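Subject: Structure handover

Hello,

Here is the structure I promised to pass on. My notes on what was found in it follow below.

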Amino acid sequence: MKAKEIIKEIKCKCNQCGKIWHYLPSEKTSQTLTESGKDMIQASACCCNPIGILVGGLRQKQRELDECPNCNSKDVNKETIYYEKRK
């Protein structure tokens, strides 16, 4: 018998404007790594500190998913929701 596949989702609600949005933890990681890779390539081309830019890029992308996309507030409640994957 196959085990059921579960999807984890983060539900966010802004306490300032009431906006609700969702994201998958994998989105946060993959988006962050993709954008940081681009930043690192650009940084190495100009002989800057690519590691510093990489870390800064990771933090910036994480903040974007944790802030309200409507009003940019950081006053956000998060709830983890689990779903059974559809076939």
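Strands β1 and β2 pair in the antiparallel sense over 4 bridges. Strands here are DSSP runs of E with at least two residues, helices are runs of H or I with at least four, and both are numbered from the N terminus. Two strands count as paired if DSSP finds at least two bridges between them. Within this pairing, K13 stands opposite I20 in β2.

Before going further, the ground rules. This is a predicted model, in which local features need pLDDT of at least 70 and side-chain atom pairs count only at pLDDT 80 or more, while totals for chains, interfaces and linings use all residues. Residues are numbered from 1 along each chain as its sequence is written, and side-chain values use heavy atoms, with hydrogens and water left out.

The sheet

The sheet is open and is formed by 3 strands in the order β2-β1-β3, with antiparallel pairing. β2 and β3 stand at the edges with a single partner strand each, so one side of each has no neighbour in the sheet. On average, neighbouring strands are turned by 25° against each other, direction ignored (axes are lines fitted to C-alpha atoms, for helices over the stretch in contact, and angles run from 0 to 180 degrees between N-to-C directions).

The core

The largest nonpolar core has 8 residues: I10, C12, C14, W21, Y23, L65, C68 and V76. Such a core is a set of buried Ala, Val, Leu, Ile, Met, Phe, Trp, Tyr and Cys residues joined through side-chain atoms within 4.5 Å. Buried means under 20% relative accessible area, exposed over 50%, and partly exposed in between (1.4 Å probe, protein chains only). β1 (6–14) and β2 (20–23) each supply at least two residues of the core, and β1 gives the most, with 3 residues. Beyond its neighbours within four places in sequence, V76 is in contact (heavy atoms within 4.5 Å) with C12, K13, C14, N15, W21, D66 and C68.

K78 is found in strand β3 (residues 76–84). Not counting residues up to four places away in sequence, K78 touches I10, K11, C12, Y23, K28 and D66. The C-alpha atoms of K78 and H22 are separated by 9.4 Å, the two residues being 56 apart along the chain. The side chains of K78 and Y23 are joined by a polar contact of 3.3 Å. A polar contact is a pair of N or O atoms within 3.5 Å; within protein, one must be able to donate a hydrogen and the other to accept it, and residues adjacent in sequence count only if both atoms are side-chain atoms.

The structure holds 3 salt bridges, each a side-chain nitrogen of Lys or Arg within 4 Å of a carboxyl oxygen of Asp or Glu.

- D66 and K78 meet at 2.5 Å, N to O. D66 lies in helix α2 (residues 50–66) and K78 in strand β3, so the pair ties together parts that are 12 residues apart in sequence. D66 is partly exposed at 23% relative accessibility, as is K78 at 43%.
- K85 and E5 have their closest N and O atoms 3.6 Å apart. K85 lies in the segment after β3 and E5 in the segment before β1, so this pair ties together parts 80 residues apart in sequence. K85 is partly exposed at 42%, and E5 is partly exposed at 49%.
- K74 and E67 have their closest N and O atoms 3.9 Å apart. K74 is exposed at 63% relative accessibility, whereas E67 is buried at 18%.

Regards
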